[in-house]
Amino acid sequence: MSSNKKSPKVEIEDQIHDAPEGDVDAERRKFLITSTAAFGAAGAACVAWPFIKSMNPSRDVQAQATLDVPLGEIAEGTMKTVLWQGRPVFVWHRNAAQIASAKAADATSTMDPQPDADRVQKPEWLVLVGICTHLGCVPIQAGDTGWRCPCHGSMYDASGRVTHGPAGQNLPVPPYKFVDANTIRIG
Amino acid sequence: MGKHPADIRSVETNIVKNPAGWLNDRLPIISFLKDNALNFPTPKNLNWAYVFGGIAMVALMLQIITGIFLAMHYKADVKLAFDSIQHIMRNVEWGWLIRNMHMVGASFFFMAVYAHMGRGLYYGSYKSPREVLWGIGVIIFLIMMATAFLGYVLPWGQMSFWGATVITNLLSVIPFIGNSIVVWLWGGYSVGDPTLTRFYTFHFVLPFVILAIVVIHIWALHEHGNTNPTGKELRNKNDYVPFHPYYTAKDLVGIVAYLIPFSFMVFFLPEYLGHTDNLIPANPLVTPAHIVPEWYFLPFYAILRAIPIKELGVLAMFGSILIMFVLPWLDRSPIKSARNRPLFRQLFWIFVLNFIVLGWVGGKPPEGVYVLIARVAVVVYFGFFALLPLVSKLEIAKLKEGK
């Protein structure tokens, strides 16, 4: 640390360089160093693995993977937002006019084209993950015609398809199935 | 550090051709590490007793890393703390492993540090010019004890709660303001939610304080270098070898030898050194029938209990650690290593044995013959320090006679 003292450090470096080459089995030394390093690296990776994995969703979080939504309480023409895996899911009970509006928009939705029929299991029920595909805000429903994102102005039609950027993809449809006529299970 | 700015000539290293040299000319971190880690001159005759410093360093790093990952899942709230530990053990992927490593790691850290201190005591590593190095070590030991105690409170089991209650109450012996200090420390009128939250805060931050002081510890070490088993200061450069590869390799062997029993405990006996009472959630209404601290506190706990007067007991317990600060001045002998000190060597082993007895008796109920044993052991503990000045004199006289 202090430089005013003559330390044996310099001498030591000389010693390393002056090691009598004849006494050194370079091959053996190289093998030992390489194998030690290889085992050490493998060991370190094995130890690192549980630490990395521990940050994954824990079992209690994984247990929230599915959500049953009773449909009886959602009146025709209204939408309910439910929380699935911490994310908002829009369940929209579309009336005839809204379905017609979505079907009519099939022709104009050109940014990420997909017919409305492919996005629903029953035309009166539209289920969407309510997260803007731009940067993750929750879009606001704008009447019968679709959604508008409050953050950066992306627009979605009555089928949740993007009609105006900056978002580039449609609102995703989560995996769900009809458990019975009046209940869907998301997840 | 080092060169005067006026003496520095223009620096011509090329960032592309020689990036390491370029960096080193601007921030001499490479030559600093080379001088202090790789090439540091180390006595070539260090024995295995000298590996515990490196082992303790590894233990500290393991505690910090496992602790950070536990902190991601732990909840410092009296309503959630106990369950969040169960959550870590059952729900978090590999959470059981990380927690067991942290729990067993605390015990093993203390084992390494006790061995490290014992080596320092045996080979006179506290003597001039290394008094400050030793003192910094005692400070590290004190903070380490505080950190371990705070950590033991976090699972919020019965032992956590009552351990916290008993230890914080120690401070009530401070005249006049003791009770106010205890209330201030608790943030209430008993150990409770504010206590748990602040204990968690301190438990998180103190290991980094320890790490910083360890750097200063090594700084002090590198000013005068290691002692060695002969106790003589080595003045011949041929008596030194560079730290790397000689002691990196040797320390690595020690570290692996340390990690084998450590892993065994982590995987097969994780709760062995703990107390079953701590698997019962904290209950402020019922004290466990037999309350003892973790094994590494038992010797000091025995000192506390051996004296039937509250104030004196607390004083003796803190004194038993603080007395280590003045050890370099109690021991008057210029001879460093116990190898060359026949009287001190005997005293050293009596001291070690007595320390083990203190630990053993500290885990026994404070009644009957155990009280007597504890009191004798306390006298021996302080007797060691009290006799040191005399022993040093006697020893020198005897050695001179021998000549």
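Arg94(A) counts as buried because 24 C-beta neighbours lie inside 10 Å of its own; a residue is buried if 20 or more other C-beta atoms, placed from the backbone, lie within 10 Å of its own, exposed if 12 or fewer, and partly exposed in between. This is a predicted model, in which local features need pLDDT of at least 70 and side-chain atom pairs count only at pLDDT 80 or more, while totals for chains, interfaces and linings use all residues. Residues are numbered from 1 along each chain as its sequence is written, and chains are lettered from A and ligands numbered from 1 in the order in which they are written.

**Surroundings of Arg94(A)**

Arg94(A) sits in the loop of chain A that runs between strand S3 (87–93) and helix H4 (96–104). Helices (H or I, at least four residues) and strands (E, at least two) are DSSP runs, numbered from the N terminus. Apart from neighbours within four places in sequence, Arg94(A) has contacts with Ile99(A), Glu124(A) and Leu126(A); a contact requires C-beta atoms, placed from the backbone, within 7 Å. Asp144(A) is 50 residues from Arg94(A) along the chain, yet their C-alpha atoms are 8.8 Å apart.

**The two chains**

The order of elements along chain A is α-α-α-β-β-β-α-β-β-β-β-β-β-β. The table sets out the totals for both chains.

| Property | Chain A | Chain B |
|---|---|---|
| Helices and strands | 4 helices and 10 strands | 15 helices and 2 strands |
| Buried residues | 21% of 187 residues | 34% of 403 residues |
| Contacts at least 24 apart, among those at least 6 apart | 51% | 75% |

Chain B, with its 15 helices and 2 strands, has a radius of gyration of 24 Å, close to the 22 Å that the globule rule gives for 403 residues, so it is as compact as a globular protein of that length. The radius is taken over C-alpha atoms, and the rule is 2.2 Å times the number of residues to the power 0.38. Along the principal axes, the C-alpha atoms of chain B fill a box of roughly 70 × 70 × 45 Å.

**A helix pair in chain B**

In chain B, helix H11 (residues 298–306) packs against helix H14 (residues 342–362) at about 70 degrees, with axes 7 Å apart. H11(B) is therefore roughly perpendicular to H14(B), a term covering angles of 65 to 115 degrees. Leu298(B), Pro299(B), Tyr301(B), Ala302(B) and Ile303(B) of H11(B) meet Phe355(B), Leu358(B), Gly359(B), Val361(B) and Gly362(B) of H14(B). The residues of this contact comprise 8 nonpolar, 2 polar and no charged; Ala, Val, Leu, Ile, Met, Phe, Trp, Tyr, Cys and Pro count as nonpolar, Asp, Glu, Lys and Arg as charged, and the others, Gly among them, as polar.

How values were computed:
Contact = placed C-beta atoms within 7 Å. Axes fitted to C-alpha atoms, helices over the stretch in contact; angles between N-to-C directions. Parallel < 35°, antiparallel > 145°, perpendicular 65-115°, else oblique.
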